[in-house]
Amino acid sequence: MKILEKITLIIYANIMLILSIIFCLLIFGWLDMDLVGAIVTKIIVGETSSKILLGASVVFSLLSIKCIFFDSTSKEQIKERQGVLLENESGKLMISKETIENLVNSVALNFQSAEEVNTRVELDKENNVKVYVNLIVNEEAIIKDLSANLQAKIKEKVKSATDLEVKEVNITVKKVAPKQQAD
């Protein structure tokens, strides 16, 4: 959200809060209706105050229409959610986050001590990749060695397959699965 939209949203929210409080005070009878009427009349009739009120009303009306009918999500934000867009002289290539996640899952499942893998990928504006891997490992796994080897292999595989730099590979071992005994 742009800074102008944030500021106007804050102002708009404060105006709505004040109006809500005034209406509640009027309904409960704690505020005199004649007093509120006199203040509103003075604001509307006054030459300077009526122009300010009209300007603010027009601005808030236009902002309301913009927020209702136009999506504020930029093309850049949509691109970041979808994946990485690579361009060369021949054309464009979109590599989705899902593709990178599947690539990471296949690398992790090639390790014998990895039982289950769940992956999440984050991309920043410079197309740097951060990978978050949740693992369930078997009880024979040496977790420290597994994670170091897995981090190196994931970085290597993503770089060779997509030409993207992996800045971080964060691994969480959620569980150590007990060895299943044969009946």
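## Starting at helix H5

Begin by selecting H5, whose 13 residues should span 18 Å at 1.5 Å a residue, and whose end C-alpha atoms are 18 Å apart, which agrees. The expected span of a helix is 1.5 Å times one less than its number of residues, and helices (H or I, at least four residues) and strands (E, at least two) are DSSP runs numbered from the N terminus. This is a predicted model, in which local features need pLDDT of at least 70 and side-chain atom pairs count only at pLDDT 80 or more, while totals for chains, interfaces and linings use all residues. Residues are numbered from 1 along each chain as its sequence is written, and side-chain values use heavy atoms, with hydrogens and water left out.

Next, colour the buried residues of H5, which are Ile100, Leu103, Val104, Asn105, Val107 and Ala108; here buried means under 20% relative accessible area, exposed over 50%, and partly exposed in between, with a 1.4 Å probe and protein chains only. These buried residues pack against strand S2 (91–96), strand S3 (114–123), S4 and H6, where contact means heavy atoms within 4.5 Å.

Within H5 (residues 97–109), pick out Asn105, which is buried with a relative accessible area of 19%. If neighbours within four places in sequence are left aside, Asn105 is in contact with Val117, Asn118 and Thr119.

Now select Asn138, which lies in strand S4 (residues 129–138). Is Asn138 buried or exposed? Asn138 is buried, its relative accessible area being 17%, and, apart from neighbours within four places in sequence, Asn138 is in contact with Gln112, Ser113, Glu115, Val176 and Ala177.

Moving to helix H6 (residues 143–162), select Lys153, which counts as partly exposed at 39% relative accessibility. Once neighbours within four places in sequence are set aside, Lys153 is in contact with Val107 and Phe111.

From the C-alpha of Ala148 to that of Val169, 21 residues apart along the chain, the separation is 9.7 Å.

Helix H1 (residues 3–28) is the next selection: its 26 residues reach 38 Å from the first C-alpha to the last, close to the 38 Å expected at 1.5 Å a residue. After H1 comes Gly29, whose phi is positive, near 80°. The buried residues of H1 are Glu5, Thr8 and Leu26, and they pack against helix H2 (33–45) and helix H3 (47–69).

Show H1 and H3 together, and how do they pack? Their angle is about 115°, with axes 11 Å apart, where axes are lines fitted to C-alpha atoms, for helices over the stretch in contact, and angles run from 0 to 180 degrees between N-to-C directions. That makes H1 roughly perpendicular to H3, a term for angles of 65 to 115 degrees, whereas those under 35 count as roughly parallel, those over 145 as roughly antiparallel and the rest as oblique. To display the contact, select Glu5, Thr8, Ile11, Tyr12 and Ile15 of H1 with Phe60, Leu63, Ser64 and Lys66 of H3.
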